[in-house]
Amino acid sequence: MASLYIKYRSNDTGARPIPPGAAYWESPSMWLTGGWDLSTARPGVPNRIHVRVDNNSDTDISGVMVQIWVSKPIAPIAPVHSMPFPPAPDPNRSHAVFPVGVVRAHGWAVASVDWIPDESSFINPADPNSAHMCLGANCYTHGCPGSPEGRQITSATADFPVVIDPHCGQHNINLRRFPPGGRACFTLGVANPAPTEATFTVTAEELRGDEGLGLIGLAQVLSGWGATITGMDAVEIQRLRNQEFCRRLGEPLELALVRAGGVPVLVDAVATHTVAAAQNPVRGLTFFGDNVLCGAGGREVRVRVRPGGAAPLGLAFDLPDDTRVGGVHTLQVSVRDEKGALLGGVRFLALVVNPQLLTPCA
């Protein structure tokens, strides 16, 4: 069993393989600061990407390195489909490599790298809030005594073997905001890293209640503009907002706040709205796209993708009229190959807000 690992969920201890069917693309050990939220970059300014590496052994491990890739919403995430990583002398540079240093026995370390995306990061050029980033990471040791851990991955690699390799991690959660009773639409790419054309099955499922939203989802909402925290003692909030203390926690500040009992709320000109899972399901959930086989889409479609390419796919649904402001609908999208093997996925969070909160802050 490997000693170093990147968590795929909060209670992960590094054991692999990951149970069949588990959503392994929601790592709490990878996050973004300086953007619109924990996963949405703000082009033109420094965004900082953070990766936590854990050590489950009785020995300190030195020389730990991390590689990280970013891409637009895509499933499965793969280095070969990543975006350029500016600023860089080489415009084709597609990932960052940076040191974590020493990871203490039964401890962790967090390393961070600055990244300045440009407007090519937008999914929709007219929407500055649409620079959602998929994050993929890999850790390994370099130049340290003892047996090496992990391996360096090239940018031509076709996948992150998260299911079997604890050194790899993925974070693919997309938060969007919509008015009450409106129509929600998310865009993703279905990737085919194989050298031949392939057909994939894509499914969408609404996850209900706290099972769907959870601490990770609450932290995602709290990290966005228009959200704040309540339900905690002011002294405790201030303590958790101390950046040095948060760094020692090894997780996003927002996750630390909700884990400690804080409740995200939206504050607008009308009222203060508690953030919670929506009560009623969405309507008319359907996929659409030119690569969808057999005509109209639905909750499950088959998508044909050319070799080494990525086919765009849309997911649309209607929000219930009675979904209150602060309500969150959680949609889990999964991609499987022709044999039914799970290749990756995306978690979409549709947050209902008053229309004035749909304009990004300056």
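A salt bridge is taken here as a side-chain nitrogen of Lys or Arg within 4 Å of a carboxyl oxygen of Asp or Glu. By that criterion I count eight salt bridges in the structure.

Notes on the source. I am working from a predicted model, in which local features need pLDDT of at least 70 and side-chain atom pairs count only at pLDDT 80 or more, while totals for chains, interfaces and linings use all residues. Residues are numbered from 1 along each chain as its sequence is written, and side-chain values use heavy atoms, with hydrogens and water left out.

Entry, Arg16. I looked up its partner and found Asp12, with the closest N and O atoms 3.0 Å apart. I then checked accessibility: Arg16 and Asp12 are both buried (under 20% relative accessible area; exposed is over 50%, partly exposed in between; 1.4 Å probe, protein chains only).

Entry, Arg183. I find a salt bridge to Asp318, the closest N and O atoms lying 2.9 Å apart. This pair links distant parts of the chain, 135 residues apart: Arg183 belongs to strand E11 (residues 183-191) and Asp318 to strand E19 (residues 310-318). I took the element names from DSSP runs, numbered from the N terminus (helices, H or I, at least four residues; strands, E, at least two). Arg183 is partly exposed, at 45% relative accessible area. Asp318 also counts as partly exposed, at 25%.

Entry, Arg304. I see its side chain meet that of Glu197 in a salt bridge at 3.5 Å, N to O. The pair again links distant parts of the chain, 107 residues apart, with Arg304 in strand E18 (residues 300-305) and Glu197 in the loop between E11 and strand E12 (198-207). I record Arg304 as partly exposed, at 36% relative accessibility.
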